[in-house]
Amino acid sequence: MSGKLKVGILGGTGMVGQRFIALLENHPWFEVAAVAASPRSADKTYEEALSGRWKMDTPLPEAVKHIPVMNVNEVESVASQVDFVFSAVDMSKEEIKAIEEAYAKTETPVVSNNSAHRWTPDVPMMVPEINPQHTDIIPFQKQRLGTKRGFVAVKPNCSIQSYAPVLTAWKEFDPYEVVATTYQAISGAGKTFRDWPEMEGNIIPYIGGEEEKSEKEPLRLWGNIQDGVIVPAESPIITCQCIRVPVLNGHTAAVFVKFHKKPEKEQLIEKLVNFKGVPQELHLPSAPEQFIQYLEEDNRPQVALDVDFEKGMGISVGRLREDTVYDYKFVGLSHNTVRGAAGGAVLCAELLKAQGYILAK
């Protein structure tokens with residue numbers, strides 16, 4: 001393993017699990033040592049378990065083809081092979097909560113892509129550029145779990161990545177009311193067009209649970225730690241509609257904002273392009289050098305042109321202009337399975353390693 005931390009992927013055969021596998025190929029700090037999935041995949045090689053269902057646009061890495069898939073429910077066995085795990089399991093919310101805490105109690109840190117623990121009061125939910133200080137809650141969680149090194153950390157929903165960083169960059173202007181409509185790719189549902197042909201040429205104006213997540217999760221990112229729990233911020237008020245569109249990768253958001261301290265357009269753009277966080281300061285391996293880019297062209301950002309900005313870890317913003325009802329409106333774009341899912345979780349793990357929370361066993 002040449003000094004790299006040993007990683008397990010829980011739910012490694014699903015789309016987000018596959019994205020973890022692809023992103024961790026040749027990672028300088030982490031190396032995949034175990035893949036776990038449902039009992040029906042157990043005891044097959046990873047390549048056999050996929051059975052032609054590899055959904056990434058890069059080849060299946062040679063290093064994982066012959067890894068034997070383990071039963072994700074055999075917690076002690078999987079945990080004994082790794083230093084920490086990424087979680088992308090497909091279970092009910094209560095089952096996910098239980099299994100992630102079970103792994104944590106084996107003294108195995110869990111960095112989760114799932115929503116189950118996003119509102120557990122002592123679990124940090126992070127976009128590392130926005131709220132790296134929320135890792136300070138981990139000692140309180142360890143005390144509750146009775147662990148010394150095991151804990152759960154999560155990343156937020158993919159739908160908020162194209163506007164929550166923007167609003168964070170504009171925090172000094174005190175945004176207080178936000179309307180956002182997200183146009184979400186089918187990979188957010190774990191699908192390709194081969195899996196979901198009825199999405200071709202179609203729009204579905206409903207994605208279960210997305211609107212509540214899109215409205216509430218940014219407030220938790222902007223919250224504060226008080227008495228061992230994370231207390232969400234109270235503003236801005238956000239209202240959302242979430243729409244499924246016939247795009248493979250890339251969530252676009254059309255956003256309207258009111259400010260208590262109305263800025264000039266040039267001030268807003270300056271704040272976007274200069275916005276950096278701890279990942280950029282520490283030069284974490286997955287951190288985009290330019291977190292947010294602003295595009296001047298009227299027809300940008302576009303999924304086809306911009307979704308892979310900074311290898312999918314950057315945010316693209318355009319069409320910033322004054323509005324007749326709100327103060328300003330803009331369009332944001334993020335890669336939903338890279339920054340919004342597996343890549344965001346990998347960046348969280350890099351931050352946790354840099355802060356000393358994830359160590360070799």
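Serine 162 touches His251, Thr252, Ala253, Ile315, Phe330, Gly332, Leu333 and Ser334, leaving aside residues up to four places away in sequence; contact here means heavy atoms within 4.5 Å. The model is predicted, so local features need pLDDT of at least 70 and side-chain atom pairs count only at pLDDT 80 or more, while totals for chains, interfaces and linings use all residues. Residues are numbered from 1 along each chain as its sequence is written, and side-chain values use heavy atoms, with hydrogens and water left out.

Serine 162 sits in the loop between strand 6 (152-154) and helix 7 (164-169). Helices (H or I, at least four residues) and strands (E, at least two) are DSSP runs, numbered from the N terminus. With a relative accessible area of 0%, serine 162 is buried. Buried means under 20% relative accessible area, exposed over 50%, and partly exposed in between, with a 1.4 Å probe and protein chains only.

Serine 112 belongs to strand 5 (residues 110-112) and counts as buried at 0% relative accessibility. Its contacts, not counting residues up to four places away in sequence, are Ser87, Glu100, Ala153, Val154 and Lys155. Between the C-alpha atoms of serine 112 and isoleucine 203 there are 29 Å, and the two residues are 91 apart along the chain.

## Nonpolar cores and cysteines

A nonpolar core is a set of buried Ala, Val, Leu, Ile, Met, Phe, Trp, Tyr and Cys residues joined through side-chain atoms within 4.5 Å. The largest nonpolar core holds 55 residues, and Tyr103, Tyr163, Trp170 and Phe330 touch the most other members. Tyrosine 163 is in contact with Ala180, Thr182, Ser214, Pro218, Cys240, Ala253, Val255 and Phe330, not counting residues up to four places away in sequence. Another core, of 45 residues, lies apart from the largest one and includes Ile9, Val346, Cys348 and Ile358. In soluble globular proteins, nonpolar side chains tend to be buried together.

The search of the whole structure finds zero disulfides, a disulfide being a pair of cysteine sulfur atoms within 2.5 Å. Cysteine 240 is in no disulfide, and the nearest cysteine sulfur, that of cysteine 242, is 5.4 Å away. Cysteine 242 is likewise in no disulfide, with the sulfur of cysteine 240 as its nearest, at 5.4 Å. Cysteine 240 counts as buried at 6% relative accessibility, and cysteine 242 counts as buried at 0%.

## Helix 1

Nine of the ten residues of helix 1 are buried, so this helix is largely enclosed by the rest of the structure. The buried residues are Met15, Val16, Gly17, Gln18, Arg19, Phe20, Ile21, Ala22 and Leu24. Their cover includes strand 1 (5-10), strand 2 (30-37), helix 2 (46-50), helix 3 (62-65), strand 4 (84-87) and helix 12. Asparagine 26, which follows helix 1, has a positive phi, near 65°.

## Pockets and cavity

The search uses a 1 Å grid over the protein atoms alone: a cavity is a set of points where a 1.4 Å probe fits but cannot get out, a pocket is an open set with protein on both sides within 12 Å along at least five of seven lines, and lining residues have an atom within 4 Å of a point. Grid points are joined across faces, edges and corners, and a volume is the space filled by probe spheres set on the points.

| Space | Volume |
|---|---|
| Largest pocket | about 1200 Å³ |
| Second largest pocket | about 400 Å³ |
| Largest cavity | about 30 Å³ |

Of the 50 residues that line the largest pocket, Val16, Ala88, Val89, Asp90 and Asn114 are the closest to its centre. Helix 1 (15-24), helix 5 (93-104), helix 8 (210-221) and helix 12 (338-354) each supply at least two lining residues, and helix 1 gives the most, with four. The lining of the largest pocket divides into 15 nonpolar, 22 polar and 13 charged residues. In this division Ala, Val, Leu, Ile, Met, Phe, Trp, Tyr, Cys and Pro count as nonpolar, Asp, Glu, Lys and Arg as charged, and the others, Gly among them, as polar.

The second largest pocket is lined by 18 residues, and Leu23, Pro285, Ser286, Lys311 and Met313 lie nearest its centre. Helix 1 and helix 12 are the elements that give two or more residues to this lining; helix 12 has the largest share, four residues. Nine nonpolar, four polar and five charged residues make up the lining of the second largest pocket.

One cavity of 30 Å³ or more is found in the whole structure. Met126, Val127, Pro128, Lys155, Pro156, Gln161, Arg339 and Gly344 line the largest cavity, and this lining divides into four nonpolar, two polar and two charged residues.
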